[in-house]
Amino acid sequence: MRGTMRRVAVGAAAVVVAALAPVAYDVGPPRQAPRASAGAVVNATIVIEEGGARKGYATPRVTVSGGVVTVVNLDSMDHTVTSVAKGADGLPVFDVRVRAGTTATVPGVETLAAGDWAFYCKFHPSMRGVLTVEGGGGGVEPERPTFEQPLVVPPTRRGAQVRLVMRRALVRTMPHGPRTAMWTYDGTYPGPTIRRRGGRGTQVTIVNRLPRGAGSMSTHLHGDHHASADDGQPTTQLIRRGDSRTYDYPLTVDGRAEPGSFFWYHDHRMDRTARNNWRGLQGMFVVTDPPTPGLRLPSGARDVPLMISERSFRADNQLADPFADGPRMVGHHGQMAWVGPQSPPDDATVGDTVLVNGRAAPYLTVSATRYRLRLLNSSPFSSYNLTLSDGRPLLQIGTGSGLLPKAVVRTSVLLGPAQRADVLVDFSGASGRRLVLESVPAAPGGTGADARETAVMEFRVGDPARDSSRLPTGLPAPTLVSPVPRRVAKTWTFGLGEDHSGGHHASFWSINGKAFDPARVDHRVTLGTVERWRFRNTSDVTHYVHIHAEQWRTLLRDGHAPPPWELGLEDTWRLEPGEEVEVAARFTDYTGPFMIHCHMLDHEDHGMMARFDVVP
């Protein structure tokens with residue numbers, strides 16, 4: 001398919017990029033392996049046993065010399081063998097999907113230069129291994145990452161009345177070739193960034209002028225506290241083609257101004273959320289605090305929102321369509337289930353190209369001063385463990401829902417789908433150098449081992465400049481709900497369900513053993529009360545749990561106090577297999593139906609969503 005269509009695959013950086021000198025990267029060829037005896041042919045077999053998503057490859061190191069590499073998948077899930085290294089076209093140099101219970105041959109091995117070639121499963125990235133090529137090998141070596149186009153910061157809207165037209169538009173995503181046709185808010189991807197002071201009500205009117213066949217849409221302001229009718233319901237109050245809807249965001253909580261936050265807006269149409277987000281219906285929304293005496297954070301051009309996502313493209317730079325051969329739904333509402341080769345748990349939509357603010361591998365020219373980076377992972381499935389290539393710290397000052405009580409010095413920040421982090425980076429001392437923001441997986445078995453391995457973007461550091469900002473010793477964090485009930489009012493269990501009725505073998509992602517039914521109320525909460533909820537993950541894959549309606553305090557993670565970067569308000573939590581998380585919130589202001597769901601968008605579309613109602 002190379003040359004006619006880009007493969008839908010996870011792309012990754014060839015190796016970890018270092019920025020130790022101006023315009024120079026520490027990117028070398030694979031380690032030279034011992035050569036096999038002349039004429040010897042050695043085949044290799046990569047084995048995936050049952051439970052591979054948890055256990056990894058049964059053969060994490062294999063060697064080939066002039067032979068073929070076969071993958072045997074004995075697991076009940078699909079897996080891939082995908083190279084970390086990229087070729088000249090920006091795609092993994094080898095990539096093969098192996099259906100459950102089948103075998104496949106890894107393509108292109110005969111072209112690889114001798115040495116070690118790391119590989120992983122793009123659906124379960126904690127599965128990692130190394131293929132050693134011995135003998136003469138071929139001439140293909142890893143390509144160092146390049147950053148050819150400048151970062152674009154979306155236009156900003158600051159008024160109390162915002163109008164956004166959903167329409168098809170051509171946008172620049174790749175550095176060369178045609179522009180990409182995407183579904184957009186007002187002609188850009190991401191859509192315009194809305195920036196408003198907390199407490200200043202904002203009305204956003206969405207107009208649907210998308211092409212025929214796109215269907216009705218629903219826009220959700222992720223993280224905000226607002227009425228049920230303005231929540232972007234997945235099946236009701238939809239915006240039909242040619243119609244519009246005005247969403248009312250007071251930006252208040254219980255009569256007080258909403259704290260400074262980093263929200264984002266996106267399509268939330270049931271069973272179409274992954275598709276509609278993939279095609280471009282995403283944008284950022286910054287809520288600001290009033291000036292605080294003594295708090296001097298970077299501002300203006302040094303306050304940069306960064307939406308990190310991923311897409312796959314055809315050779316003509318148009319979006320690939322991973323949904324064309326998607327699973328087929330059987331049943332409806334609470335009986336929803338899916339059949340076909342990409343039904344749960346094999347329904348991960350993963351792109352091969354990482355985008356930042358809609359552009360592949362961009363660069364940002366910065367002064368040798370402090371910057372505030374608002375990081376958002378808007379990918380449909382992948383997580384990123386973000387770090388800087390020279391090891392300088394990321395000072396996290398907030399989550400997507402507000403400032404932390406105290407800044408946290410971190411070497412990396414792990415973000416799953418829909419998660420955000422507010423960080424400060426000091427580029428002092430790096431003048432003339434190029435630093436890479438990259439995603440580096442944690443060690444096997446550790447939290448973040450399933451993150452993508454990839455270069456994300458480049459910072460080109462210029463001269464020092466005047467900088468009036470200061471590193472904060474303390475932060476005006478929002479008040480957390482207290483006291484908290486000892487009793488857990490509701491446990492939400494995230495798992496995988498099966499349906500054998502009707503003569504078919506169907507599957508679905510479940511909450512408390514059920515697929516989503518918009519007419520079924522799974523829990524009722526009384527307005528004005530504080531509730532303690534528990535999440536449990538009984539599946540073999542990590543989920544990212546998002547709750548609408550309120551902003552929440554994290555109480556416990558597996559019975560222990562949460563880490564310091566989870567001590568503020570949150571709306572989306574990482575939930576690993578077997579893990580339990582407890583949270584609490586006070587329900588204020590609004591009654592009506594709201595949602596809890598996994599924010600891996602295929603999981604949400606395929607049943608992993610539930611409804612709770614706030615009642616008088």
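The legends below describe close-up views of a predicted model.

**View 1. Confidence along the predicted protein chain.** The pLDDT of the protein chain averages 92, and 93% of the residues score at least 70. Residues 1–36 form a stretch over which the pLDDT is below 50, although in the model this stretch has 130 contacts beyond near neighbours in sequence.

**View 2. The largest cavity and its lining.** Five cavities of 30 Å³ or more are counted in the model, and the largest cavity has a volume of about 70 Å³. Its lining is made up of Asp78, Phe123, His124, Pro345, Asp346, Asp347, Ala348, Phe381, Trp509, Val541 and His603. By residue class, this lining of the largest cavity divides into six nonpolar, two polar and three charged residues. Rolling a probe the size of a water molecule over the atoms is what shows where empty space is left.

**View 3. The second largest cavity and the strands that line it.** With a volume of about 50 Å³, the second largest cavity is lined by Leu164, Ile194, Val204, Ile206, Thr219, Leu221, Tyr247, Tyr249, Tyr265 and Phe285. Strand E14 (202–208), strand E15 (219–222) and strand E16 (244–249) are the elements that give two or more residues to this lining. Nine of the residues lining the second largest cavity are nonpolar and one is polar, while no charged residue takes part.

View 4. Most peptide bonds are trans.

**View 5. Alanine 418 and asparagine 512, residues with positive phi.** Most residues other than glycine have a negative phi. Alanine 418, in contrast, has a positive phi near 80°; this residue is found in the loop between strand E31 (413–415) and E32. With a relative accessible area of 1%, alanine 418 is buried, because buried means under 20%. Asparagine 512, which is not a glycine either, has a positive phi of about 55° and lies in the loop between strand E36 (506–511) and strand E37 (523–526). The relative accessible area of asparagine 512 is 30%, so this residue is partly exposed.

**View 6. The surroundings of aspartate 422.** Aspartate 422 lies in strand E32 (residues 420–426) and, at 6% relative accessibility, counts as buried. The side chains of aspartate 422 and arginine 372 are joined by a polar contact of 2.6 Å. When residues up to four places away in sequence are not counted, aspartate 422 touches Arg372, Leu373, Arg374, Leu395, Gln396, Ile397, Gly398, Thr399 and Leu403.

**View 7. Alanine 114 and proline 125 in sequence and in space.** Alanine 114 is part of strand E7 (residues 113–120), and its relative accessibility of 5% is why alanine 114 counts as buried. Between alanine 114 and proline 125 there is a separation of eleven residues in sequence, and of 24 Å in space from C-alpha to C-alpha.

Conventions
Residues are numbered from 1 along each chain as its sequence is written. Side-chain values use heavy atoms; hydrogens and water are left out. On a 1 Å grid over the protein atoms alone, a cavity is a set of points where a 1.4 Å probe fits but cannot get out, and a pocket is an open set with protein on both sides within 12 Å along at least five of seven lines; lining residues have an atom within 4 Å of a point. Grid points are joined across faces, edges and corners, and a volume is the space filled by probe spheres set on the points. Ala, Val, Leu, Ile, Met, Phe, Trp, Tyr, Cys and Pro count as nonpolar, Asp, Glu, Lys and Arg as charged, and the others, Gly among them, as polar. Helices (H or I, at least four residues) and strands (E, at least two) are DSSP runs, numbered from the N terminus. pLDDT is the predictor's confidence in each residue, from 0 to 100. Contact means heavy atoms within 4.5 Å. Buried means under 20% relative accessible area, exposed over 50%, partly exposed in between (1.4 Å probe, protein chains only). A polar contact is a pair of N or O atoms within 3.5 Å; within protein, one must be able to donate a hydrogen and the other to accept it, and residues adjacent in sequence count only if both atoms are side-chain atoms.
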